[in-house]
Amino acid sequence: MPVTLNHTIVPAADHRAAARFLATVMGLAELPPAGRNGHFAPVRVNETLTLDFMAVPDAEGHHLAFDVDPATFDGILARLRAAEVPYGSRPDQPDNGRTDHPLCARGLFFTDADGNLYEVMSPA
């Protein structure tokens, strides 16, 4: 069996709100609460991976990067714009409104309320 990542924990002050935000922006499925007493708010990324948001005091932001196809990138960009979520082309400028990513044809960064930095990269 090949090694695959099953899930990772994403810290958040409000785990359900953070999961809903990412699921909405990325066009992903927000799953029902999981874990003992629903302490995880999972978001299905693909067949094998969930991001499990968990409420923690003093949440420290993480960096999560996603490869997407051009059509998915267009959808994410449209949802960011519609929700007036700042985005940018560099990790140190996630609000410059550009998509000229240094490592791919089109890419962007955006943050959530907990300081998690999301990166979305497309080959075209």
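Close-up 1. Strand E3 (residues 40-44) has 4 of its 5 residues buried, so E3 is largely enclosed by the rest of the structure. Buried means under 20% relative accessible area; exposed means over 50%, and partly exposed lies in between (1.4 Å probe, protein chains only). Strands and helices here are DSSP runs, numbered from the N terminus: a strand (E) has at least two residues, a helix (H or I) at least four. The model is predicted: local features need pLDDT of at least 70, side-chain atom pairs count only at pLDDT 80 or more, and totals for chains, interfaces and linings use all residues. Residues are numbered from 1 along each chain as its sequence is written, and side-chain values use heavy atoms, with hydrogens and water left out.

**Close-up 2. The sheet E1-E4-E3-E2.** These 4 strands form an open sheet with mixed pairing. Two strands pair if DSSP finds at least two bridges between them. Strand E1 (7-12) and E2 stand at the edges with a single partner strand each, so one side of each has no neighbour in the sheet. Strand E2 (residues 29-30) runs antiparallel to E3, joined by 2 bridges. Here Glu-30 stands opposite Val-43 in E3. E3 is also antiparallel to strand E4 (residues 50-55), with 5 bridges between them. A hairpin of 5 residues connects E3 to E4. Across this pair, Pro-42 faces Asp-52 in E4, and Arg-44 stands opposite Thr-50 in E4.

**Close-up 3. The sheet E5-E7-E6.** This open sheet has 3 strands and mixed pairing. Its edge strands are strand E5 (63-67) and strand E6 (106-111), each pairing on one side only. Neighbouring strands are turned by 15° against each other on average, direction ignored. E5 pairs with strand E7 (residues 117-122) in the parallel sense, over 5 bridges. Ala-65 stands opposite Glu-119 in E7. Helix H1 packs on this sheet and touches E5, E6 and E7; the direction of H1 makes about 160° with that of E6. Contact means heavy atoms within 4.5 Å. Helix H2 lies across E6 and E7, at about 40° to E6.

**Close-up 4. Helix H1 against helix H2.** Two packed helices are described by the angle between their axes and the distance between the axes. Helix H1 (residues 15-26) and helix H2 (residues 70-82) pack at about 125°, with axes 7 Å apart. H1 and H2 are therefore oblique to each other. Axes are lines fitted to C-alpha atoms, for helices over the stretch in contact, and angles run from 0 to 180 degrees between N-to-C directions. Under 35 degrees counts as roughly parallel, over 145 as roughly antiparallel, 65 to 115 as roughly perpendicular, and the rest as oblique. Thr-24, Val-25 and Met-26 of H1 meet Ile-76, Arg-79 and Leu-80 of H2.

**Close-up 5. An aromatic cluster.** Phe-21, Phe-110 and Tyr-118 form one aromatic cluster. Rings of Phe, Tyr and Trp (its six-membered ring) pair if their centres lie within 6.5 Å; planes under 30 degrees apart count as stacked, over 60 as edge-to-face, and the rest as tilted. The whole structure holds 2 aromatic pairs. The ring centres of Phe-21 and Phe-110 are 6.1 Å apart and the planes stand at 65°, so this pair is edge-to-face. The pair links distant parts of the chain: Phe-21 is in helix H1 and Phe-110 in strand E6, 89 residues apart. Phe-21 is partly exposed, at 25% relative accessible area. Phe-110 counts as buried, at 0% relative accessibility.
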